[in-house]
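Please look over the sequence and the model shown below before reading on. The report that follows takes up a pocket, a helix and a set of aromatic rings in turn.

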Amino acid sequence: MWTEKELFLVVLDPKGVVSWKVCITCIVLNAWVLLLLTFRLVYVFRVSRKVQTFLMTLDMSSKNIACLILILSQVFVGLWLLSIQIWGPFNFNYRTPAWAILTNILFTVGVGSTEELLKINDIWTIVFFYIYFFFVVFFLFSAFLGIYMDSFRTVKQWMKQAGDSKDGFKRWALAPFKKD
């Protein structure tokens, strides 16, 4: 039976000339080149009104979203430590900090078994998940959408005010190229 590494090398290099590290390096370099090429293409297609609106909205909202993430990260760390204290000695998924944070993230997307946690401590489990989902759903998603929609409204107003110039070019299309 072939290992994954051997099978990978046979497919990419049937003659066996190239080493495993060279193949991995090529894949990583290709991934970075594709990422940079994608960013460059997005910058070139900024002339599109939809792309420009999207990028300007992200630009305006990024500072506020970063502040929101910094504030909520403290809440998540507190809930993470609380989950370790409640279920750590009794449940395998909460014995180490890495497993505990992974389990909490998986519970956010709906993967996990609450029955085991309810058997350990039913009151704390119910209280924890009410608090956890309140912060995740209400604060994280609602605040994110509020910040993004406010930035979108501001960008739309700015684009409406910019309008068309006399020579037919859109002022908003030339805005990234202006030197202030």
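## The largest pocket and its lining

In this predicted model, the largest share of the lining of the largest pocket comes from H4, which gives four residues. The pocket itself has a volume of about 170 Å³, and the elements that give two or more residues to its lining are helix H3 (49-87) and helix H4 (97-108).

The residues that line the largest pocket are Phe76, Val77, Trp80, Ile101, Asn104, Ile105, Thr108, Val109 and Tyr132. Sorted by class, this lining holds seven nonpolar and two polar residues, and no charged residues.

## Helix H4

Helix H4 is built from twelve residues and reaches 17 Å from its first C-alpha to its last, which is close to the 16 Å expected at 1.5 Å a residue. Its buried residues are Ala100, Thr103, Asn104 and Phe107.

Just after H4, the backbone at Gly110 takes a positive phi of about 100 degrees.

## Aromatic pairs

A search of the whole structure finds 13 aromatic pairs. One of the pairs is formed by Trp87 and Phe129, whose rings are stacked, with 5.8 Å centre to centre and 20 degrees between the planes. Because Trp87 lies in helix H3 and Phe129 in helix H6 (residues 122-162), this pair ties together parts that are 42 residues apart in sequence. Trp87 has 0% relative accessibility and so counts as buried, and Phe129, at 11% relative accessibility, counts as buried too.

Tyr132 and Phe133 form an aromatic pair that is edge-to-face, with 5.7 Å centre to centre and 85 degrees between the planes. Tyr132 counts as buried because its relative accessibility is 5%, whereas Phe133, at 31% relative accessibility, counts as partly exposed.

## The ring cluster

Which residues do ring pairs link into a cluster? The cluster consists of Phe76, Trp87, Tyr94, Phe107, Phe128, Phe129, Tyr132 and Phe133.

Methods:
Residues numbered from 1 in each chain as written. Predicted model: local features only at pLDDT ≥ 70, side-chain atom pairs only at ≥ 80, totals over all residues. Heavy atoms only, no water. 1 Å grid on protein atoms, 1.4 Å probe; cavity = no way out; pocket = protein on both sides within 12 Å on 5 of 7 lines; lining within 4 Å. Points joined across faces, edges and corners; volume = space filled by probe spheres on them. Nonpolar A, V, L, I, M, F, W, Y, C, P; charged D, E, K, R; others polar. Expected span 1.5 Å × (residues − 1). Buried < 20%, exposed > 50% of the residue type's maximum accessible area, 1.4 Å probe, protein only. Phe/Tyr/Trp six-rings, centres within 6.5 Å; stacked < 30°, edge-to-face > 60°.
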